[in-house]
Amino acid sequence: MVTKAYSPFVWDNRYATGIEIIDSQHKRLFGLTNQMLQAAAENAKNSVLAELLAQIEEYASTHFSHEESIMEWAGYKNLAEHREQHGLLREELDYFAAELEKGALTPHELAEFMQSWLAKHIIHEDMKYLPAVKKKQNA
């Protein structure tokens, strides 16, 4: 039974990097986040949320590896800072997993954090490395 309105996290061109593999991976992260939002709206059991969180963590690690290798290839000058942000998200997701297991975190807090972080990170951080990638592609 749905107890709270569920508004899907919708991909649009604001999030497009123009790098096919990165956009595809971002869309997958949107999809996983939507599954989390829907599970939260349906008051899913913590075990369901923990499994979704594990999937997000695993896929995010794969994505971060791809993204960081592209930035390294492009010679992106702020790669170290970007890697650090990825590391901080990993730490936060680990923290959320522990809090979820203890019952100290609501599903809505987790889902809303993921939605907010992903949107802000793509728009405010990922877009910064695009000029370096485009310059390398055109060299």
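Which residues form one aromatic cluster? Phe9, Trp11, Tyr15 and Phe30 do, and the close-ups below start with them. Keep in mind that this is a predicted model.

**Close-up 1. Phe9, Trp11, Tyr15 and Phe30 share an aromatic cluster.** A search of the whole structure turns up nine aromatic pairs. Take tryptophan 11 and phenylalanine 30: their ring centres are 5.3 Å apart and the planes sit at 75°, an edge-to-face pair. This pair ties together distant parts of the chain, with tryptophan 11 in the segment before helix H1 (20-41) and phenylalanine 30 in helix H1, 19 residues apart. Tryptophan 11 has a relative accessible area of 21%, so we call it partly exposed. Phenylalanine 30, at 2% relative accessibility, counts as buried.

**Close-up 2. Tyrosine 15 also pairs with phenylalanine 30.** Here the ring centres are 4.9 Å apart and the planes meet at 65°; an angle over 60 degrees counts as edge-to-face, so that is the label for tyrosine 15 and phenylalanine 30. Once again the partners come from distant parts of the chain: tyrosine 15 lies in the segment before H1 and phenylalanine 30 in helix H1, 15 residues apart. Both tyrosine 15 and phenylalanine 30 are buried.

**Close-up 3. Arginine 28 puts its charged end over a ring.** The ring belongs to tyrosine 59, and the charged end of arginine 28 is 5.9 Å from its centre.

**Close-up 4. Serine 7 sits in the segment before H1.** Is this residue, serine 7, buried or exposed? Its relative accessible area is 54%, so serine 7 is exposed. Now look for alanine 41: it is 34 residues from serine 7 along the chain, and 9.2 Å separates the two C-alpha atoms.

**Close-up 5. Helices H2 and H3 run roughly antiparallel.** The axes of H2 (residues 46-74) and H3 (residues 79-102) come within 10 Å and cross at roughly 170°. Angles over 145 degrees count as roughly antiparallel, which is why H2 gets that description relative to H3. On the H2 side, the residues in contact include Asn46, Leu49, Leu53, Ile56, Phe64 and Met71. Their counterparts in H3 include Leu79, His82, His86, Leu89, Leu93, Phe96 and Leu100. Charged residues take part too, among them Glu57, Glu67, Glu68 and Glu72 in H2 and Arg83, Arg90 and Asp94 in H3. In this contact of H2 with H3, 12 residues are nonpolar, four are polar and seven are charged.

Technical notes
Residues are numbered from 1 along each chain as its sequence is written. This is a predicted model: local features need pLDDT of at least 70, side-chain atom pairs count only at pLDDT 80 or more; totals for chains, interfaces and linings use all residues. Side-chain values use heavy atoms; hydrogens and water are left out. Axes are lines fitted to C-alpha atoms, for helices over the stretch in contact, and angles run from 0 to 180 degrees between N-to-C directions. Helices (H or I, at least four residues) and strands (E, at least two) are DSSP runs, numbered from the N terminus. Angles under 35 degrees count as roughly parallel, over 145 as roughly antiparallel, 65 to 115 as roughly perpendicular and the rest as oblique. Contact means heavy atoms within 4.5 Å. Rings of Phe, Tyr and Trp (its six-membered ring) pair if their centres lie within 6.5 Å; planes under 30 degrees apart count as stacked, over 60 as edge-to-face and the rest as tilted. Buried means under 20% relative accessible area, exposed over 50%, partly exposed in between (1.4 Å probe, protein chains only). A charge sits over a ring if NZ of Lys or CZ of Arg is within 6 Å of the ring centre and within 35 degrees of the ring normal.
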